[in-house]
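Q: I have a model open and want to learn to read its features one by one. Where do we begin?

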Amino acid sequence: MDIASEYNNRALVPDHPVYFARWAAEAKAYRESAEAELDVAYGARPRNRVDMFHGTGRGGAGPVVLFIHGGYWRSLDKSIFSHIAGPANEHGLDVAVAGYSLCPEVTISDIIDEMRQCCLFLSQRYGRRIVVAGHSAGGHLAACMVATDWQLYGGRPDLVHAGLSVSGLFDLRPLLATPMNDDLRLSAVEAVTASPLLWPAPNRIPFDSWVGGNESFEFLRQARSLPAAWQGLGIPSRSVVLPGDNHFSICDHLSKPSHPITVRLLELASV
């Protein structure tokens with residue numbers, strides 16, 4: 001197996017720039033029409049900002065939905081994912097779309113800590129629990145938030161209510177053998193400590209892992225790995241494969257109100 005190729009999603013989907021351009025246009029249009037607070041600081045670093053999109057009709061009831069973008073912890077920006085807030089907003093839910101610092105300026109462990117800081121900020125600001133969703137690297141970070149013992153960070157034990165990963169990575173050790181590690185700067189030790197698959201079992205809260213059927217063998221394996229481990233520990237976790245989707249087309253579905261992946265996210269917010 002060529003590990004570097006297995007994890008090179010842009011090479012596996014040559015038309016990926018088309019997805020990025022469409023997301024940027026749809027996100028810009030949504031920001032212009034939504035009730036939003038943009039670039040709210042949750043931390044001290046320049047990219048420690050979150051865009052808040054407010055739900056309609058329910059006066060802020062229910063958990064806050066936090067979406068974390070992908071980009072292999074080293075690229076992309078929250079600004080091209082604003083439109084993902086649409087379906088949850090229509091159901092009256094507030095949605096936070098978070099930014100974070102990028103490698104190699106920081107490490108993946110630093111980014112995990114930034115997302116914890118963001119969750120604590122949202123919990124303190126709104127006094128509500130959080131449903132965390134993310135794509136690719138964001139799926140990894142969503143799993144990390146689900147697996148965090150929030151009492152160690154001064155938060156309520158049920159701060160995170162549920163989680164949903166889309167094409168997430170849960171064991172970072174294979175990335176040691178890829179060229180991208182020049183940016184990620186993972187050591188053998190950090191590849192273990194930043195892998196939620198290898199952490200102690202989290203609280204028994206729901207967690208979904210979705211992946212496209214046309215993704216690489218390694219992404220399919222990764223997507224199944226964490227639910228399989230957590231199911232054996234009594235945690236309500238499951239994996240779902242969407243036939244025909246690649247690593248980028250699957251993210252499109254998060255902005256479609258009637259798609260099963262969006263319906264499931266809304267279900268997790270109502271559990």
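**Reading the sheet and what packs on it**

A: Begin with the sheet: eight strands form an open one, in the order S1-S2-S4-S3-S5-S6-S7-S8, with mixed pairing. Strands and helices here are DSSP runs, numbered from the N terminus (helices are H or I, at least four residues; strands are E, at least two). Two strands pair if DSSP finds at least two bridges between them. This is a predicted model: local features need pLDDT of at least 70, side-chain atom pairs count only at pLDDT 80 or more, and totals for chains, interfaces and linings use all residues. Residues are numbered from 1 along each chain as its sequence is written, and side-chain values use heavy atoms, with hydrogens and water left out.

Q: Which strands stand at the edges?
A: Strand S1 (36-41) and strand S8 (237-242) do. Each has a single partner strand, so one side of each is left without a neighbour in the sheet. The twist averages 20° from one strand to the next.

Q: How should I read strand pairing?
A: Strands of a sheet pair through backbone hydrogen bonds, either parallel or antiparallel. Take S5 and S6: they run parallel and are joined by six bridges. Ile130 has Val160 in S6 as its bridge partner. S6 and S7 also pair in the parallel sense, over four bridges. There Ser165 stands opposite Ser209 of S7. S7 and S8 pair in the parallel sense over six bridges, and Gly212 stands opposite Leu242 in S8.

Q: How many residues of S7 are buried?
A: First the cut-offs: buried means under 20% relative accessible area, exposed over 50%, partly exposed in between (1.4 Å probe, protein chains only). In S7, six of six residues are buried. Both faces are covered. Phe207, Ser209 and Val211 lie on one side, with Asp208, Trp210 and Gly212 on the other.

Q: Which strands does helix H6 lie across?
A: H6 lies across S3, S5, S6 and S7, at about 150° to S5. Axes are lines fitted to C-alpha atoms, for helices over the stretch in contact, and angles run from 0 to 180 degrees between N-to-C directions. Contact means heavy atoms within 4.5 Å. Helix H11 (residues 260-270) lies across S3, S5, S6, S7 and S8, running at about 165° to S6.

Q: Why is H6 described as largely enclosed by the rest of the structure?
A: Because 10 of the 10 residues of H6 (residues 137-146) are buried. Among them are His140, Cys144 and Met145. The buried residues of H6 pack against S3, helix H5 (108-126), strand S5 (130-135), strand S6 (160-166), strand S7 (207-212) and H9.

Q: What is a nonpolar core, and which residues have the most contacts inside the largest one?
A: A nonpolar core is a set of buried Ala, Val, Leu, Ile, Met, Phe, Trp, Tyr and Cys residues joined through side-chain atoms within 4.5 Å. The largest has 54 residues, and Leu66, Trp73 and Leu122 have the most contacts inside it. H5 supplies the largest share, 10 residues. Leu66 touches Leu122, Ile130 and Val132, among others, not counting residues up to four places away in sequence. Apart from this core lies another, of 33 residues, including Phe53, Val65, Leu242 and Ala269.

Q: How do I read an aromatic pair?
A: A pair of aromatic rings is described by the distance of the centres and the angle of the planes. Rings of Phe, Tyr and Trp (its six-membered ring) pair if their centres lie within 6.5 Å; planes under 30 degrees apart count as stacked, over 60 as edge-to-face and the rest as tilted. The structure holds 13 such pairs. Tyr7 and Phe219 are tilted, at 5.6 Å centre to centre and 55° between the planes. They are 212 residues apart, with Phe219 in helix H9 (residues 217-231). Tyr7 and Phe219 are both buried.

Q: Which rings join Trp23 in a cluster?
A: Ring pairs link Trp23 with Tyr19, Phe20, Phe67, Phe81 and Phe248. Both Trp23 and Phe81 are buried.

Q: Is Gln222 buried or exposed?
A: Gln222 is buried, with a relative accessible area of 0%. This residue lies in helix H9. A polar atom of its side chain lies 2.8 Å from the backbone oxygen of Asp171. Gln222 also touches Tyr7, Phe170 and Pro174, among others, not counting residues up to four places away in sequence.

Note on methods: Polar contact = N/O pair within 3.5 Å; in protein donor to acceptor, adjacent residues only side chain to side chain.
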